[in-house]
Amino acid sequence: MANIENIVKVMNFHALLRVDKSKKFAEKYFEFEQKLNKVICEIYFNKNLTLDKRILFEKNDGDIINIYVGNDLGFCGNFNSLVISALKKDKTGKKIVIGRKMNYVDDNTLFIIEKENFNEEFPKIQELMFNYINERRLKEVNIIYNHYYNTNDIRFETKKLFPVELEKPEGLNLDVDFAAETSINKILSSLLSYYICYEIKICEANSRASENIMREKITHEAKQKITARNEEKAKVVRKEKKYKNFKKQLGNYRKVDEEEC
């Protein structure tokens with residue numbers, strides 16, 4: 001029981017440390033996403049550039065890539081249940097699975113990444129997205145994960161990342177002239193793949209925040225139950241000790257009484 005209590009305390013502390021960190025990561029990537037969106041719009045909507053704008057649109061007979069984000073560690077309740085359910089129902093899409101606890105592989109699984117190794121393994125996803133977009137063989141990209149809104153609102157969501165729907169920022173200057181020494185379409189392809197990849201990073205950081213919120217709640221409740229159980233056990237021990245002392249005192253009293261008689 002002492003080992004379980006120590007594990008619960010460590011996991012609770014682990015979750016508390018990572019909640020704020022995950023939220024800050026998501027915010028950082030969100031800021032970069034906005035800047036990247038502005039740069040893409042400046043190129044895409046520019047009046048002086050002739051682009052192959054099909055780059056942003058899906059290929060009807062292309063591949064569908066679905067990214068499933070779970071977790072590595074326990075004490076998260078049913079965090080993975082809906083994600084795994086969606087993963088098992090997906091019979092046609094190419095899959096990228098993030099999280100050791102997901103524990104599912106089929107013929108369409110491209111690769112599996114442990115969540116703790118996400119940043120180190122992320123170049124695989126970047127390369128994959130760039131190749132698919134550059135070669136125009138992508139129909140759709142979706143990410144399936146748990147989205148953190150607040151501590152009491154964590155929702156299972158599917159977010160479409162491609163085809164990209166660009167939002168033109170207000171006050172965007174579309175008369176800027178560019179000098180490019182390479183194919184402007186290749187530049188746009190690269191920016192688009194980066195855009196999708198940063199969306200993936202935002203969702204992963206958001207999933208990490210959701211995971212740690214759930215872990216903090218569950219371990220906090222477990223700590224309270226363990227504390228209550230320990231207090232109950234201590235109360236029983238105290239009662240037994242008092243009863244033994246009472247019996248001892250009663251025995252001494254009877255002994256003295258018998259001697260006086």
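In what order do the five strands of the open sheet lie, and with what kind of pairing? The order is E3-E2-E1-E4-E5, and the pairing is mixed; two strands count as paired if DSSP finds at least two bridges between them. The edge strands are E3 and E5, each of which pairs on one side only. Direction ignored, neighbouring strands of the sheet are turned by 15° against each other on average.

A word on the basis of these values is in order. The model is predicted, so local features need pLDDT of at least 70 and side-chain atom pairs count only at pLDDT 80 or more, whereas totals for chains, interfaces and linings use all residues. Residues are numbered from 1 along each chain as its sequence is written, and side-chain values use heavy atoms, with hydrogens and water left out.

The chain has four helices and five strands, where helices (H or I, at least four residues) and strands (E, at least two) are DSSP runs numbered from the N terminus. Read from the N terminus on, the elements follow the pattern α-β-α-β-β-α-β-β-α. Of the 261 residues, 39% count as buried; here buried means under 20% relative accessible area, exposed over 50%, and partly exposed in between (1.4 Å probe, protein chains only). The accessible surface of the chain comes to about 16,000 Å², with 49% belonging to carbon and sulfur atoms; these areas come from the Shrake-Rupley method with a 1.4 Å probe, and for residues only the protein chains shown count as cover. Among contacts (heavy atoms within 4.5 Å) between residues at least 6 apart in sequence, 75% join residues at least 24 apart.

Back at the sheet, E4 and E5 run antiparallel and are joined by nine bridges. A hairpin leads from E4 to E5 through two residues. Asn-150 has Asp-153 in E5 as its bridge partner, and Tyr-148 stands opposite Ile-154 in E5. Helix H3 packs on the sheet, touching E1, E2, E3 and E4, and its direction makes about 155° with that of E3. For such angles, axes are lines fitted to C-alpha atoms, for helices over the stretch in contact, and the angles run from 0 to 180 degrees between N-to-C directions.

The packing of the interior comes next. In soluble globular proteins, nonpolar side chains tend to be buried together. A nonpolar core is taken as a set of buried Ala, Val, Leu, Ile, Met, Phe, Trp, Tyr and Cys residues joined through side-chain atoms within 4.5 Å. The largest such core holds 37 residues, of which Ile-65, Ile-67, Ile-125, Met-129 and Ile-200 touch the most other members. At least two residues of this core come from each of H1 (2-44), E1 (63-69), E2 (94-98), E3 (109-113), H3 (118-134), E4 (138-150), E5 (153-162) and H4 (184-260). Helix H4 gives the most, with nine residues. Leaving aside residues up to four places away in sequence, Met-129 touches Ile-65, Ile-67, Val-141, Ser-193, Ile-196, Cys-197 and Ile-200. Another core of eight residues lies apart from the largest one, with Tyr-68, Val-83, Ile-84 and Leu-87 among them.

A search of the whole structure finds eleven salt bridges, each being a side-chain nitrogen of Lys or Arg within 4 Å of a carboxyl oxygen of Asp or Glu. In helix H3, Lys-124 and Glu-121 lie three residues apart, about one turn of the helix, and their side chains meet in a salt bridge (3.0 Å, N to O). Lys-124 is partly exposed, because its relative accessibility is 42%. Arg-137 and Glu-135 form another, with the closest N and O atoms 2.4 Å apart. For Lys-160 and Glu-140, the corresponding separation is 3.8 Å. Lys-160 lies in E5 and Glu-140 in E4, so this pair ties together parts that are 20 residues apart in sequence. Glu-116, Glu-204 and Arg-208 are linked in a network of salt bridges.

Some backbone details remain. Most residues other than glycine have a negative phi, and most peptide bonds are trans. Phe-162 and Pro-163 are joined by a cis peptide bond, with omega about 5°; Pro-163 lies in the loop between E5 and H4. Asn-103, in the loop between E2 and E3, has a positive phi of about 50° although it is not a glycine. Asn-103 counts as exposed because its relative accessibility is 72%. Arg-136, in the loop between H3 and E4, also has a positive phi, near 50°.
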